[in-house]
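Subject: Structure handover

Hello,

Here is the structure I promised to pass on to you.

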Amino acid sequence: MNQKIARFFEEQRPQTPCLVVDLDVVEQNYNDLHDALPDARIFYAVKANPAPEILALLARLGSAFDCASVPEIQMALAAGAPAERISYGNTIKKEADIRRAYELGVRLFAFDSDAELEKLARSAPGARVFCRILTSGEGAEWPLSRKFGCDLKMARALLLKARDLPVEPYGVSFHVGSQQKDLKQWDHAIFQVAQLFRELEVLGVDLGMINLGGGFPTRYRTDVPECTAYGQAIFESLRTHFGNHLPETIVEPGRGMVGNAGVIESEVVLVSRKSDEDPKRWVYLDIGKFSGLAETMDEAIQYPIEVVGEGMDDPDGEAVILAGPTCDSADVLYERAEYRMPSELKAGDRVRIHATGAYTTTYSAVCFNGFAPLQQICI
Ligand SMILES: *Cc1c(COP(=O)(O)O)cnc(C)c1O
(Lines give C-alpha, C1' and ligand atoms only; values in the text may rest on other atoms or scores of the structure.)
Protein backbone atom coordinates (compact mmCIF):
# COMPACT_ATOMS: atom_id res chain seq x y z
CA MET A 1 0.00 0.00 0.00
CA ASN A 2 1.42 3.34 -1.05
CA GLN A 3 0.38 5.94 1.56
CA LYS A 4 1.48 8.88 -0.57
CA ILE A 5 -0.78 7.82 -3.44
CA ALA A 6 -3.68 6.94 -1.09
CA ARG A 7 -3.44 10.40 0.49
CA PHE A 8 -3.40 12.04 -2.94
CA PHE A 9 -6.58 10.25 -3.99
CA GLU A 10 -8.32 11.14 -0.71
CA GLU A 11 -7.35 14.81 -0.81
CA GLN A 12 -7.66 15.50 -4.55
CA ARG A 13 -10.50 13.14 -5.54
CA PRO A 14 -9.44 13.23 -9.22
CA GLN A 15 -11.90 12.34 -11.98
CA THR A 16 -11.74 8.58 -12.54
CA PRO A 17 -10.27 6.59 -14.11
CA CYS A 18 -6.96 8.12 -13.12
CA LEU A 19 -3.45 6.70 -12.76
CA VAL A 20 -1.27 8.25 -10.08
CA VAL A 21 2.46 7.50 -10.19
CA ASP A 22 4.76 8.01 -7.22
CA LEU A 23 8.10 9.21 -8.59
CA ASP A 24 9.87 8.26 -5.35
CA VAL A 25 9.07 4.61 -6.10
CA VAL A 26 10.52 4.94 -9.62
CA GLU A 27 13.69 6.42 -8.13
CA GLN A 28 13.87 3.57 -5.61
CA ASN A 29 13.43 0.99 -8.40
CA TYR A 30 16.21 2.62 -10.42
CA ASN A 31 18.56 2.60 -7.43
CA ASP A 32 17.67 -0.99 -6.51
CA LEU A 33 18.36 -2.23 -10.03
CA HIS A 34 21.56 -0.24 -10.22
CA ASP A 35 22.71 -1.76 -6.91
CA ALA A 36 21.71 -5.26 -8.03
CA LEU A 37 23.60 -4.97 -11.33
CA PRO A 38 26.26 -2.31 -10.69
CA ASP A 39 28.16 -2.95 -13.93
CA ALA A 40 25.16 -2.92 -16.26
CA ARG A 41 23.99 0.25 -18.00
CA ILE A 42 20.26 0.80 -17.54
CA PHE A 43 18.26 1.63 -20.66
CA TYR A 44 14.69 2.32 -19.50
CA ALA A 45 12.15 0.89 -21.98
CA VAL A 46 10.20 4.07 -22.71
CA LYS A 47 7.08 2.27 -23.93
CA ALA A 48 6.28 1.04 -20.40
CA ASN A 49 5.40 4.58 -19.34
CA PRO A 50 6.66 7.65 -21.23
CA ALA A 51 5.35 10.30 -18.80
CA PRO A 52 7.68 13.31 -19.16
CA GLU A 53 8.15 13.45 -15.37
CA ILE A 54 9.33 9.82 -15.32
CA LEU A 55 11.71 10.31 -18.24
CA ALA A 56 13.13 13.52 -16.72
CA LEU A 57 13.68 11.82 -13.35
CA LEU A 58 15.46 8.86 -14.94
CA ALA A 59 17.55 11.10 -17.19
CA ARG A 60 18.67 13.02 -14.11
CA LEU A 61 19.56 9.75 -12.33
CA GLY A 62 21.81 8.82 -15.26
CA SER A 63 19.59 6.31 -16.98
CA ALA A 64 19.81 5.64 -20.69
CA PHE A 65 16.71 4.91 -22.81
CA ASP A 66 15.51 2.08 -25.04
CA CYS A 67 13.27 3.64 -27.68
CA ALA A 68 11.12 1.93 -30.30
CA SER A 69 10.24 4.90 -32.52
CA VAL A 70 11.28 8.42 -33.46
CA PRO A 71 8.65 10.01 -31.17
CA GLU A 72 10.01 7.99 -28.24
CA ILE A 73 13.53 9.17 -29.12
CA GLN A 74 12.27 12.76 -29.16
CA MET A 75 10.61 12.28 -25.77
CA ALA A 76 13.86 10.97 -24.28
CA LEU A 77 15.81 13.90 -25.76
CA ALA A 78 13.21 16.37 -24.48
CA ALA A 79 13.58 14.85 -21.02
CA GLY A 80 17.26 15.76 -21.05
CA ALA A 81 18.90 12.53 -22.18
CA PRO A 82 21.79 13.08 -24.57
CA ALA A 83 21.64 11.08 -27.81
CA GLU A 84 24.57 8.92 -26.62
CA ARG A 85 22.23 7.51 -24.01
CA ILE A 86 19.57 6.40 -26.48
CA SER A 87 19.21 3.04 -28.18
CA TYR A 88 16.84 2.46 -31.09
CA GLY A 89 15.93 -1.04 -29.94
CA ASN A 90 13.08 -1.89 -32.28
CA THR A 91 14.13 -4.44 -34.91
CA ILE A 92 11.38 -3.19 -37.23
CA LYS A 93 12.07 0.36 -38.43
CA LYS A 94 11.22 2.39 -41.52
CA GLU A 95 14.40 3.48 -43.22
CA ALA A 96 13.27 7.13 -43.03
CA ASP A 97 12.99 6.72 -39.25
CA ILE A 98 16.49 5.24 -39.04
CA ARG A 99 17.75 8.31 -40.93
CA ARG A 100 15.85 10.66 -38.63
CA ALA A 101 17.20 8.94 -35.50
CA TYR A 102 20.70 9.13 -36.92
CA GLU A 103 20.24 12.86 -37.60
CA LEU A 104 19.13 13.26 -33.99
CA GLY A 105 22.46 11.72 -32.93
CA VAL A 106 21.44 8.14 -32.11
CA ARG A 107 24.28 5.68 -32.82
CA LEU A 108 23.03 2.43 -31.29
CA PHE A 109 20.56 0.28 -33.24
CA ALA A 110 19.02 -3.19 -33.06
CA PHE A 111 18.37 -5.57 -35.95
CA ASP A 112 17.39 -9.20 -36.41
CA SER A 113 17.33 -9.65 -40.17
CA ASP A 114 19.42 -9.17 -43.28
CA ALA A 115 17.11 -6.52 -44.75
CA GLU A 116 17.16 -4.45 -41.57
CA LEU A 117 20.96 -4.65 -41.39
CA GLU A 118 21.11 -3.37 -44.97
CA LYS A 119 18.90 -0.41 -44.03
CA LEU A 120 21.20 0.41 -41.11
CA ALA A 121 24.29 0.21 -43.30
CA ARG A 122 22.72 2.64 -45.78
CA SER A 123 21.13 5.08 -43.36
CA ALA A 124 23.17 4.94 -40.15
CA PRO A 125 26.81 4.71 -41.29
CA GLY A 126 29.29 4.20 -38.47
CA ALA A 127 26.58 3.25 -35.97
CA ARG A 128 26.96 0.43 -33.48
CA VAL A 129 24.54 -2.37 -34.23
CA PHE A 130 23.45 -5.34 -32.16
CA CYS A 131 21.61 -8.45 -33.26
CA ARG A 132 18.63 -9.73 -31.32
CA ILE A 133 18.34 -13.47 -30.89
CA LEU A 134 15.20 -15.51 -30.25
CA THR A 135 14.37 -16.82 -26.80
CA SER A 136 11.66 -19.27 -25.77
CA GLY A 137 9.73 -16.87 -23.52
CA GLU A 138 9.24 -19.80 -21.15
CA GLY A 139 8.41 -18.79 -17.57
CA ALA A 140 7.17 -15.34 -18.56
CA GLU A 141 3.63 -14.20 -17.73
CA TRP A 142 3.66 -11.92 -20.77
CA PRO A 143 5.82 -13.81 -23.32
CA LEU A 144 7.00 -12.04 -26.46
CA SER A 145 6.48 -14.87 -28.99
CA ARG A 146 8.62 -15.25 -32.08
CA LYS A 147 8.05 -11.79 -33.43
CA PHE A 148 11.52 -10.53 -32.48
CA GLY A 149 14.94 -12.08 -32.86
CA CYS A 150 16.57 -14.60 -35.17
CA ASP A 151 18.25 -17.92 -34.49
CA LEU A 152 21.92 -18.21 -33.56
CA LYS A 153 23.11 -19.36 -36.94
CA MET A 154 21.52 -16.37 -38.63
CA ALA A 155 22.80 -13.98 -35.94
CA ARG A 156 26.33 -15.24 -36.52
CA ALA A 157 26.06 -14.79 -40.28
CA LEU A 158 24.59 -11.30 -39.95
CA LEU A 159 27.17 -10.07 -37.45
CA LEU A 160 29.89 -11.44 -39.70
CA LYS A 161 28.35 -9.64 -42.64
CA ALA A 162 28.11 -6.42 -40.60
CA ARG A 163 31.89 -6.40 -40.29
CA ASP A 164 32.13 -5.74 -44.03
CA LEU A 165 29.47 -3.01 -43.99
CA PRO A 166 29.86 0.60 -42.81
CA VAL A 167 28.47 -0.26 -39.34
CA GLU A 168 30.14 -1.61 -36.21
CA PRO A 169 29.00 -5.11 -35.13
CA TYR A 170 28.75 -4.34 -31.45
CA GLY A 171 26.83 -7.02 -29.61
CA VAL A 172 23.88 -9.30 -29.10
CA SER A 173 20.55 -8.75 -27.38
CA PHE A 174 17.67 -10.86 -26.20
CA HIS A 175 14.51 -10.50 -24.14
CA VAL A 176 13.49 -13.41 -21.93
CA GLY A 177 9.82 -12.36 -21.91
CA SER A 178 8.04 -9.80 -19.80
CA GLN A 179 7.17 -10.45 -16.14
CA GLN A 180 9.76 -13.21 -16.10
CA LYS A 181 9.74 -15.04 -12.78
CA ASP A 182 12.19 -17.79 -13.69
CA LEU A 183 15.72 -16.58 -12.94
CA LYS A 184 17.27 -19.39 -15.00
CA GLN A 185 15.96 -17.96 -18.26
CA TRP A 186 18.77 -15.40 -18.43
CA ASP A 187 21.32 -18.17 -18.02
CA HIS A 188 19.98 -20.08 -21.04
CA ALA A 189 20.30 -16.98 -23.18
CA ILE A 190 23.67 -15.85 -21.80
CA PHE A 191 25.07 -19.33 -22.47
CA GLN A 192 24.04 -19.04 -26.12
CA VAL A 193 25.37 -15.51 -26.46
CA ALA A 194 28.74 -16.55 -25.01
CA GLN A 195 28.96 -19.31 -27.61
CA LEU A 196 28.19 -16.80 -30.33
CA PHE A 197 30.85 -14.40 -29.03
CA ARG A 198 33.47 -17.19 -29.18
CA GLU A 199 32.51 -18.35 -32.65
CA LEU A 200 32.66 -14.81 -33.99
CA GLU A 201 35.96 -14.11 -32.24
CA VAL A 202 37.49 -17.00 -34.19
CA LEU A 203 36.18 -15.37 -37.36
CA GLY A 204 37.76 -12.05 -36.40
CA VAL A 205 34.67 -10.22 -35.08
CA ASP A 206 35.13 -8.96 -31.52
CA LEU A 207 31.78 -8.19 -29.93
CA GLY A 208 31.79 -5.96 -26.89
CA MET A 209 28.24 -5.83 -25.57
CA ILE A 210 25.48 -8.09 -24.35
CA ASN A 211 22.02 -6.59 -23.99
CA LEU A 212 20.11 -8.58 -21.37
CA GLY A 213 16.76 -6.96 -22.22
CA GLY A 214 13.86 -6.48 -19.82
CA GLY A 215 11.67 -9.00 -18.05
CA PHE A 216 12.20 -7.78 -14.48
CA PRO A 217 8.85 -8.25 -12.76
CA THR A 218 6.40 -6.24 -10.69
CA ARG A 219 4.58 -7.84 -7.80
CA TYR A 220 0.94 -8.36 -8.75
CA ARG A 221 -1.25 -10.82 -6.82
CA THR A 222 1.62 -13.19 -6.10
CA ASP A 223 5.19 -12.72 -4.90
CA VAL A 224 8.11 -12.33 -7.27
CA PRO A 225 11.84 -12.80 -6.58
CA GLU A 226 13.72 -9.77 -5.24
CA CYS A 227 15.68 -7.52 -7.56
CA THR A 228 18.91 -8.66 -5.90
CA ALA A 229 18.13 -12.28 -6.84
CA TYR A 230 17.98 -11.26 -10.52
CA GLY A 231 21.26 -9.38 -10.18
CA GLN A 232 22.94 -12.34 -8.59
CA ALA A 233 21.62 -14.89 -11.08
CA ILE A 234 22.70 -12.75 -14.02
CA PHE A 235 26.13 -11.97 -12.59
CA GLU A 236 26.81 -15.62 -11.81
CA SER A 237 25.74 -16.63 -15.30
CA LEU A 238 28.00 -14.03 -16.91
CA ARG A 239 30.91 -15.24 -14.77
CA THR A 240 30.23 -18.87 -15.67
CA HIS A 241 30.03 -18.30 -19.41
CA PHE A 242 32.45 -15.41 -19.93
CA GLY A 243 34.96 -16.01 -17.12
CA ASN A 244 37.07 -12.94 -16.40
CA HIS A 245 36.38 -11.52 -19.82
CA LEU A 246 33.07 -9.88 -18.98
CA PRO A 247 31.53 -7.91 -21.83
CA GLU A 248 29.79 -4.57 -21.36
CA THR A 249 26.21 -5.25 -20.27
CA ILE A 250 22.95 -3.40 -20.84
CA VAL A 251 19.55 -4.01 -19.22
CA GLU A 252 16.25 -2.61 -20.51
CA PRO A 253 13.73 -2.65 -17.66
CA GLY A 254 10.22 -1.41 -18.40
CA ARG A 255 7.73 -3.07 -16.09
CA GLY A 256 10.24 -3.50 -13.27
CA MET A 257 11.04 0.22 -13.28
CA VAL A 258 7.53 1.66 -13.08
CA GLY A 259 4.95 -1.10 -12.51
CA ASN A 260 4.70 -0.87 -8.73
CA ALA A 261 4.90 2.95 -8.79
CA GLY A 262 1.35 3.46 -10.05
CA VAL A 263 -2.20 3.01 -8.76
CA ILE A 264 -5.37 3.54 -10.80
CA GLU A 265 -8.53 4.71 -9.09
CA SER A 266 -11.71 3.68 -10.84
CA GLU A 267 -15.42 4.02 -10.11
CA VAL A 268 -17.93 1.18 -10.05
CA VAL A 269 -20.53 1.95 -12.75
CA LEU A 270 -22.87 -0.99 -12.20
CA VAL A 271 -23.22 -4.17 -10.16
CA SER A 272 -25.68 -6.68 -11.60
CA ARG A 273 -26.60 -10.32 -12.22
CA LYS A 274 -27.73 -12.02 -15.40
CA SER A 275 -30.55 -13.95 -13.71
CA ASP A 276 -31.98 -14.37 -10.24
CA GLU A 277 -29.98 -17.59 -9.92
CA ASP A 278 -26.71 -16.15 -11.25
CA PRO A 279 -24.05 -17.15 -8.69
CA LYS A 280 -21.65 -14.41 -9.74
CA ARG A 281 -22.22 -10.68 -9.78
CA TRP A 282 -20.91 -8.65 -12.69
CA VAL A 283 -19.01 -5.55 -11.62
CA TYR A 284 -18.58 -2.97 -14.36
CA LEU A 285 -15.83 -0.39 -13.81
CA ASP A 286 -15.20 2.90 -15.60
CA ILE A 287 -11.90 1.44 -16.87
CA GLY A 288 -11.42 -1.62 -19.06
CA LYS A 289 -9.32 -3.38 -21.64
CA PHE A 290 -9.44 -0.40 -23.99
CA SER A 291 -8.70 2.32 -21.44
CA GLY A 292 -5.46 0.98 -20.04
CA LEU A 293 -5.96 -2.57 -18.80
CA ALA A 294 -5.00 -4.37 -22.04
CA GLU A 295 -2.69 -6.70 -20.14
CA THR A 296 -5.74 -8.40 -18.63
CA MET A 297 -5.92 -10.16 -22.01
CA ASP A 298 -6.27 -13.90 -21.25
CA GLU A 299 -6.18 -12.74 -17.61
CA ALA A 300 -2.38 -12.84 -17.95
CA ILE A 301 -1.60 -9.96 -15.63
CA GLN A 302 -3.69 -10.00 -12.47
CA TYR A 303 -3.58 -6.67 -10.68
CA PRO A 304 -4.25 -6.51 -6.94
CA ILE A 305 -7.59 -4.69 -6.61
CA GLU A 306 -8.72 -2.87 -3.47
CA VAL A 307 -12.24 -1.69 -2.78
CA VAL A 308 -11.65 1.71 -1.18
CA GLY A 309 -12.57 1.51 2.50
CA GLU A 310 -12.78 -2.28 2.38
CA GLY A 311 -9.26 -3.42 1.64
CA MET A 312 -7.63 -5.74 -0.83
CA ASP A 313 -9.21 -8.84 -2.38
CA ASP A 314 -11.73 -9.49 0.40
CA PRO A 315 -11.51 -13.25 1.22
CA ASP A 316 -15.00 -13.13 2.78
CA GLY A 317 -16.44 -11.34 -0.22
CA GLU A 318 -18.36 -12.91 -3.05
CA ALA A 319 -16.84 -13.90 -6.36
CA VAL A 320 -17.29 -11.30 -9.08
CA ILE A 321 -16.71 -10.96 -12.79
CA LEU A 322 -14.98 -7.67 -13.56
CA ALA A 323 -15.62 -5.85 -16.81
CA GLY A 324 -14.99 -2.52 -18.47
CA PRO A 325 -17.51 0.11 -19.58
CA THR A 326 -17.29 -0.12 -23.38
CA CYS A 327 -19.72 -1.74 -25.82
CA ASP A 328 -17.18 -4.35 -26.88
CA SER A 329 -17.89 -7.83 -25.58
CA ALA A 330 -14.14 -8.49 -25.33
CA ASP A 331 -14.01 -5.81 -22.64
CA VAL A 332 -14.14 -8.29 -19.77
CA LEU A 333 -11.20 -8.09 -17.37
CA TYR A 334 -11.42 -11.10 -15.09
CA GLU A 335 -13.85 -13.99 -15.24
CA ARG A 336 -11.74 -16.98 -14.16
CA ALA A 337 -9.30 -15.15 -11.88
CA GLU A 338 -11.51 -15.36 -8.75
CA TYR A 339 -11.67 -11.78 -7.57
CA ARG A 340 -13.86 -11.32 -4.48
CA MET A 341 -15.61 -8.17 -3.38
CA PRO A 342 -17.95 -7.22 -0.51
CA SER A 343 -21.62 -8.11 -1.02
CA GLU A 344 -22.70 -4.50 -0.41
CA LEU A 345 -20.56 -3.16 -3.29
CA LYS A 346 -22.58 -0.68 -5.38
CA ALA A 347 -22.36 1.87 -8.19
CA GLY A 348 -20.35 4.92 -7.18
CA ASP A 349 -17.94 2.97 -4.95
CA ARG A 350 -14.31 3.36 -5.83
CA VAL A 351 -11.72 0.67 -6.41
CA ARG A 352 -7.96 1.01 -6.63
CA ILE A 353 -6.08 -1.13 -9.11
CA HIS A 354 -2.56 -1.49 -7.83
CA ALA A 355 0.78 -2.01 -9.63
CA THR A 356 -0.51 -0.30 -12.76
CA GLY A 357 2.43 2.03 -13.46
CA ALA A 358 3.57 0.05 -16.53
CA TYR A 359 1.78 -0.66 -19.81
CA THR A 360 -1.48 1.12 -18.96
CA THR A 361 -1.51 4.71 -20.29
CA THR A 362 0.30 3.56 -23.43
CA TYR A 363 -2.33 0.90 -24.10
CA SER A 364 -5.26 3.23 -23.61
CA ALA A 365 -7.41 3.89 -26.69
CA VAL A 366 -7.77 7.50 -27.79
CA CYS A 367 -11.53 7.70 -27.68
CA PHE A 368 -13.30 4.32 -27.92
CA ASN A 369 -17.02 4.96 -27.29
CA GLY A 370 -16.03 8.57 -26.59
CA PHE A 371 -14.23 7.64 -23.39
CA ALA A 372 -11.14 9.81 -22.84
CA PRO A 373 -7.73 8.13 -22.68
CA LEU A 374 -6.41 7.22 -19.24
CA GLN A 375 -5.38 10.31 -17.33
CA GLN A 376 -2.06 10.21 -15.48
CA ILE A 377 -0.69 12.33 -12.66
CA CYS A 378 2.89 12.01 -11.35
CA ILE A 379 3.51 13.04 -7.75
C1 LIG B 1 9.34 -3.88 -24.07
C2 LIG B 1 10.80 -4.04 -24.14
C3 LIG B 1 11.54 -4.02 -22.96
C4 LIG B 1 10.92 -3.92 -21.58
O5 LIG B 1 10.43 -5.13 -21.16
P6 LIG B 1 9.90 -5.36 -19.67
O7 LIG B 1 9.52 -6.77 -19.64
O8 LIG B 1 8.77 -4.42 -19.45
O9 LIG B 1 11.03 -5.07 -18.74
C10 LIG B 1 12.90 -4.11 -23.08
N11 LIG B 1 13.51 -4.22 -24.29
C12 LIG B 1 12.82 -4.25 -25.43
C13 LIG B 1 13.55 -4.35 -26.72
C14 LIG B 1 11.45 -4.16 -25.40
O15 LIG B 1 10.76 -4.20 -26.54
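A word on exposure to begin with: buried means under 20% relative accessible area, exposed means over 50%, and partly exposed is in between, with a 1.4 Å probe and protein chains only. By that scale Met 75, at 34% relative accessibility, counts as partly exposed.

Two points on the source of the values. The model is predicted, so to speak of a local feature takes pLDDT of at least 70 and side-chain atom pairs count only at pLDDT 80 or more, while totals for chains, interfaces and linings use all residues. Residues are numbered from 1 along each chain as its sequence is written, and side-chain values use heavy atoms, with hydrogens and water left out.

**The ligand site**

The ligand is surrounded by 13 residues, where near means that a heavy atom of the residue lies within 4 Å. The closest are Lys 47, Ser 178, Glu 252, Arg 255 and Tyr 359. By class, this shell holds 5 charged, 5 polar and 3 nonpolar residues. Here Asp, Glu, Lys and Arg count as charged, Ala, Val, Leu, Ile, Met, Phe, Trp, Tyr, Cys and Pro as nonpolar, and the others, Gly among them, as polar.

A polar side-chain atom of Ser 178 is 2.5 Å from a ligand oxygen. The side chain of Asp 66 has an N or O atom 3.4 Å from a nitrogen of the ligand, and a polar backbone atom of Gly 215 sits 3.0 Å from a ligand oxygen. On its own the ligand has 390 Å² of accessible area, and the protein covers 89% of this (Shrake-Rupley method, 1.4 Å probe; for residues, only the protein chains shown count as cover).

In an unreviewed entry, UniProt lists Lys 47 for "modified residue: N6-(pyridoxal phosphate)lysine". Such annotations may be inferred rather than shown by experiment; the positions are in the numbering used here and feature names are shortened. Lys 47 is in the loop between strand E2 (40-45) and helix H3 (52-61); helices (H or I, at least four residues) and strands (E, at least two) are DSSP runs, numbered from the N terminus. Its relative accessible area is 42%, so Lys 47 is partly exposed. Beyond residues up to four places away in sequence, Lys 47 touches Glu 72, Tyr 359 and Thr 362, contact meaning heavy atoms within 4.5 Å.

The unreviewed UniProt entry also places "domain: Orn/DAP/Arg decarboxylase 2 N-terminal" at residues 25-258. That span is 43% helix and 18% strand, with its end C-alpha atoms 8 Å apart.

**Other residues**

Back to Met 75: this residue is in helix H4 (residues 70-78). Met 75 and Pro 50 are 25 residues apart in sequence, with their C-alpha atoms 7.6 Å apart in space.

Gln 180 belongs to strand E9 (residues 178-180) and is buried, with a relative accessible area of 0%. A polar atom of the Gln 180 side chain lies 2.8 Å from the backbone oxygen of Val 176.

Asn 211 is in strand E10 (residues 209-211) and counts as buried at 1% relative accessibility. The Asn 211 side chain reaches the backbone nitrogen of Gly 213 at 2.9 Å.

Best wishes

Methods:
Polar contact = N/O pair within 3.5 Å; in protein donor to acceptor, adjacent residues only side chain to side chain.
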